[in-house]
Structures are given as C-alpha cells and as structure tokens.
Amino acid sequence: MSATGRRRNPRWYFSLRSPYSWFAYRDLRDKYPDVLEQIEWIPYWEPDQESTRLLEEAGVVLPVQQMQRAKNFYILRDARRWAQARGWQVTWPIDRAPHWEVSHLAYLAAEEVGMGREFVDRAYRARWNEGRDLSERQTVAEIAAELGLDPGLGDALDDPAVRARGIRCLIAAYHDDAFGVPFFMNGREAFWGAERVSAFVAAFRGETWDGVSDAPFTALPDARVPADRRIR
C-alpha cells in the first residue's frame, strides 16, 4: 500500500458481519478459487469509538450509517431468500452488543501468521451456519483454538499495532470509495454487491462479462407492465 493509503492490486473488501459478503465469498471459493487466491483481502467494518477517533485524526470519515429497522428486516428476508435459492442452510445470528473490531482485527492477527483465509472461512461458518456471535471475544478465541492458533486472537483489538493495521484497511476503503460490502476493485473499475462477483472475475481475467447477475433468482417481467415501461 502506498503512503497515501491507496492500493493497486486487484482486491475485495469483505465484512464478517454481512450476509452478502458471505454469499460472495462462497461463490468465489466454490466457482473461482483461482481468483480468490490471487486477489488482496481487505476487511471492512463499522468502526468503534476508538477506531473512529483514529480515522478522524487521519481526516477520514467513512460512509457508515446506523442500520434502520426496516432495512435490517429487509436484509433478513432477502438473505433468507438468497440462501434458500442456493440450498444453503442459514442460522441467523443475534448480535447482542455488536463490536466488529473483535473479529476483523482477529482476522488481521491471523493473517500475520498465514492463517487469515482459514480464519475467515471458519468465522463465516460460525456466524451464518451456527449462529454464533463474532462480537464476543470468547467466540473468536474458540475459533482460533480450532484452527490451532493462539486463543489470544480474541483480544487482538487490544494490540495497538493490530488496530493500526485495521485503520489502514479502513483508510484504503475510503480512498477506493467503498460504500458497502462486498466491494471489488480491479484497476480503477469498481464492483459492488454479491451479484457482481462474475463481473469482477471477468475484469480480473481480462474477459468480457456476459451480463448475467450472480443473484440466484431472476424476476420475470410483469406481463401487466407495458414492455416500453419496464426497467431495463
């Protein structure tokens, strides 16, 4: 990463909180493992008070807003619809006291010892298949222990050096104009959303995208709406 916080490698911004990041991860892992292996992984999350302070000192304000109740319920229904269409089992987690530094800074600590991607895979399964709370240090410590890592990863957010790495990740997201996850960058070309995985992959491979969405369902045109008035 350059001194300005800008990255140049093909990359994706992911969140352990987001079901859409999980959907994109599974598509990349199962359909395009060669791409997932080559791109840069950058965590993105809603910063806590200390991270917000450090970002402000760097002149960075992330486009993060508090989740509205209506939007939260929509995402719940949509994520279930998406998972059911894929035949995936989901156990919706309950975030009692969300604190996303716990899991995302643990990822960075795991990455330092070459186990970051294994940590992400296990954390996604813990959250979306088992309904476990990734904001609890004990949950993250248990995941680390399962992977043969130091259970102290659950306390990675207390390490100033790890938090500083996390801040650099969020600054990189700011410079890439990332406003949500999953968010992909290939050169100057940006792609947002789980339904744009194949578009990013095509750009990464230097191929022409076929224009087909990665969403597991397609809405058929409503015959009651005149063809010339349908959204295209």
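## Contacts of E195

In this predicted model, E195 touches W82, S213, D214 and A215, leaving aside residues up to four places away in sequence; contact means heavy atoms within 4.5 Å. E195 is found in the loop between β4 (189-192) and α9 (197-205). Helices (H or I, at least four residues) and strands (E, at least two) are DSSP runs, numbered from the N terminus.

E195 is partly exposed, with a relative accessible area of 29%; buried means under 20% relative accessible area, exposed over 50%, and partly exposed in between (1.4 Å probe, protein chains only). The C-alpha atoms of E195 and A24 are 7.7 Å apart in space, while 171 residues separate the two in sequence.

## Packing of α1 and α4

W82 also belongs to the contact between α1 and α4: P19, Y20, F23, D27 and K31 in α1 meet I75, D78, A79, W82, A83 and R86 in α4. By class, this contact has 7 nonpolar, no polar and 4 charged residues. Ala, Val, Leu, Ile, Met, Phe, Trp, Tyr, Cys and Pro count as nonpolar, Asp, Glu, Lys and Arg as charged, and the others, Gly among them, as polar.

Helix α1 (residues 19-31) and helix α4 (residues 69-86) pack at an angle of about 20 degrees, and their axes are 10 Å apart. Axes are lines fitted to C-alpha atoms, for helices over the stretch in contact, and angles run from 0 to 180 degrees between N-to-C directions.

## Helix α7

In helix α7 (residues 137-146), the buried residues are T139, V140, A141, I143 and A144. They pack against α5 (101-112) and α6 (116-128). Just after α7, G148 has a positive phi of about 80 degrees.

## The loop between α8 and β3

Most residues other than glycine have a negative phi, and most peptide bonds are trans. D177, in the loop between α8 and β3, has a positive phi near 60 degrees. At 58% relative accessibility, D177 counts as exposed.

P182 lies in the loop between α8 (160-175) and β3 (183-186). A cis peptide bond joins V181 and P182, with omega about -5 degrees.

## Confidence and conventions

The chain has a mean pLDDT of 90, and 90% of its residues reach 70 or more; pLDDT is the predictor's confidence in each residue, from 0 to 100. Over residues 219-232 pLDDT stays under 50, and the model has 5 contacts beyond four places in sequence for them. Where pLDDT is low, the predicted coordinates should not be read in detail.

Residues are numbered from 1 along each chain as its sequence is written, and side-chain values use heavy atoms, with hydrogens and water left out. Local features need pLDDT of at least 70 and side-chain atom pairs count only at pLDDT 80 or more, whereas totals for chains, interfaces and linings use all residues.
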